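This report describes one protein structure for a reader who is new to the subject. Please keep the sequence and the model in view while reading.

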Amino acid sequence: MLLSGFNPNARWDRNIEGAYDDPDKLKAKIQVLAFFSGAKVYPRIFMMSGKRYRIRKLNYTWQKRQGSELISCFSVSTACDIYQLSFNHSSCAWKLDNIF
């Protein structure tokens, strides 16, 4: 059954060449300073490996489900790179998903 208006391959980051694929860096723990407004989450700063990254622009946001867990995903720009972060609403945990 085709769902009208929904294209699962339409996400902007599906086929970008040069996406960062260093598993060790992507497994690094991150800390995120974010604010919440109602049910929305707005990341502002994240720290990885002792370095602070100021989020200058929130490029794109989307949500997905993994079983019963709701995951909010964010494409954010810093001074020189684009990062993909995710927030698990059940565990309140942040994760670095990709670096472009």
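A residue is called buried if its relative accessible area is under 20%, exposed if over 50%, and partly exposed in between, using a 1.4 Å probe and protein chains only. At 66% relative accessibility, Cys80 therefore counts as exposed. Cys92, at 53% relative accessibility, counts as exposed too. The structure holds zero disulfides, a disulfide being a pair of cysteine sulfur atoms within 2.5 Å.

The model is predicted, so that local features need pLDDT of at least 70 and side-chain atom pairs count only at pLDDT 80 or more, while totals for chains, interfaces and linings use all residues. Residues are numbered from 1 along each chain as its sequence is written, and side-chain values use heavy atoms, with hydrogens and water left out.

**Overall architecture**

The chain contains one helix and seven strands. Helices (H or I, at least four residues) and strands (E, at least two) are DSSP runs, numbered from the N terminus. Read from the N terminus on, the order of the elements is α-β-β-β-β-β-β-β.

Of the 100 residues of the chain, 32% count as buried. The accessible surface of the chain comes to about 7000 Å², as given by the Shrake-Rupley method with a 1.4 Å probe; for residues, only the protein chains shown count as cover. Carbon and sulfur atoms contribute 50% of that surface. Among contacts (heavy atoms within 4.5 Å) with a separation of 6 or more, 28% join residues 24 or more positions apart.

**Aromatic pairs**

Rings of Phe, Tyr and Trp (its six-membered ring) pair if their centres lie within 6.5 Å; planes under 30 degrees apart count as stacked, over 60 as edge-to-face and the rest as tilted. By this rule, there are eight aromatic pairs.

| Pair | Centre to centre | Between the planes | Arrangement |
|---|---|---|---|
| Phe46 and Tyr53 | 4.9 Å | 10° | stacked |
| Phe46 and Tyr83 | 5.0 Å | 70° | edge-to-face |

What does the pair of Phe46 and Tyr83 tie together? Phe46 lies in strand E2 (residues 40-48) and Tyr83 in strand E6 (residues 82-88), so the pair ties together parts that are 37 residues apart in sequence. Phe46 counts as buried because its relative accessibility is 0%. Tyr83, at 4% relative accessibility, is also buried, and Tyr53 is buried as well.

Elsewhere, ring pairs link Phe36, Phe74, Phe87 and Trp94 into a cluster.
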